[in-house]
Amino acid sequence: MKGAHLLLAVSLLALASSFAYASDPSPLQDFCVAINDPKDGVFINGKFCNDPKLAKAEDFFFSGLNMPGNTSNQLGSKVTPVNVEQIPGLNTLGISLARIDFAPYGGLNPPHTHPCATEILVVLEGTLYVGFVTSNPDNRLITKVLYPGDVFVFPVGLIHFQFNVGNTNAIAFAGLGSQNPGVITIAKAVFGSNPSINPDVLTKAFQLDKNVVKYLQSKFWWDNN
């Protein structure tokens with residue numbers, strides 16, 4: 001009888017486990033429109049896989065993160081990504097990496113989100129003021145000043161930033177929980193979209209004068225990635 005109870009318990013746990021994992025896979029791109037005829041398909045959720053027998057060391061290798069990024073730009077920062085585009089072997093593995101360089105005081109990785117990944121950041125050099133904003137309705141700002149050796153986590157999808165408040169260069173490395181975490185830079189996406197968002201929408205959303213909105217839309221929004 002005890003054996004029957006044990007078998008029933010195991011069966012129920014297995015059933016519960018199957019329900020726990022019965023969810024859609026996380027998207028690895030902005031969208032993936034379904035089609036009825038697979039012969040017309042071009043994209044999948046991620047990358048097509050090569051024959052494992054043809055894999056070579058170069059598929060799992062990247063060189064160059066020891067080189068500083070060029071921070072001579074409007075933001076004073078440069079992100080050097082290492083994701084599935086740089087290392088094909090990352091496909092389906094769910095991780096990626098980035099180096100972020102900051103110019104002395106004022107170097108900024110501007111407010112942005114990663115729609116597909118949580119980020120964990122470690123500071124190697126310099127002093128960074130970092131933070132993220134929680135979702136509606138609270139919109140709490142959670143911030144911290146980081147020094148070499150400090151680590152900070154930015155939850156998936158939340159707006160976050162890093163700002164160099166020191167008078168020397170700063171360097172940080174970020175681990176991300178997706179082979180393609182995606183990035184949406186808030187100001188660039190809103191005011192630099194192609195085509196432009198109707199100014200009336202942004203005027204009302206941001207409670208700004210329409211001329212201010214048009215001015216912001218006319219600016220060149222730098223991409224530090």
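Visitor: Is phenylalanine 191 buried or exposed?
Guide: In this predicted model, phenylalanine 191 has a relative accessible area of 9%. Buried means under 20%. Phenylalanine 191 is therefore classed as buried.

Visitor: How is the aromatic pair of phenylalanine 191 and tryptophan 221 classed?
Guide: The ring centres lie 6.1 Å apart, with 20° between the planes. Planes under 30 degrees apart count as stacked. The pair of phenylalanine 191 and tryptophan 221 is therefore stacked.

Visitor: Which aromatic pair ties together strand 5 and strand 8?
Guide: The structure holds 7 aromatic pairs.

Visitor: Which residue of strand 8 is the bridge partner of valine 130?
Guide: Strand 5, residues 128–133, pairs with strand 8, residues 159–164. This pairing is antiparallel and runs over 6 bridges. Strand 8 also pairs with strand 3 in the antiparallel sense, over 3 bridges, and there asparagine 109 stands opposite glutamine 162. For valine 130, the bridge partner in strand 8 is glutamine 162.

Visitor: What is the area of the nonpolar surface patch made by Tyr105, Val145, Tyr147 and Val165?
Guide: Tyrosine 105, in the loop between strand 2 and strand 3, counts as exposed at 57% relative accessibility. Together with Val145, Tyr147 and Val165, Tyr105 makes a nonpolar surface patch of about 390 Å².

Technical notes. Residues numbered from 1 in each chain as written. Predicted model: local features only at pLDDT ≥ 70, side-chain atom pairs only at ≥ 80, totals over all residues. Heavy atoms only, no water. Patch = residues over 30% accessible without salt bridge, like charges linked within 9 Å, V, L, I, M, F, W, Y side chains within 5 Å. Areas by Shrake-Rupley, 256 points an atom, 1.4 Å probe, with all protein chains shown as cover. Salt bridge = Lys/Arg side-chain N within 4 Å of Asp/Glu carboxyl O. Helix = DSSP H or I, 4+ residues; strand = E, 2+ residues; numbered from the N terminus. Buried < 20%, exposed > 50% of the residue type's maximum accessible area, 1.4 Å probe, protein only. Pairing = 2+ DSSP bridges. Phe/Tyr/Trp six-rings, centres within 6.5 Å; stacked < 30°, edge-to-face > 60°.
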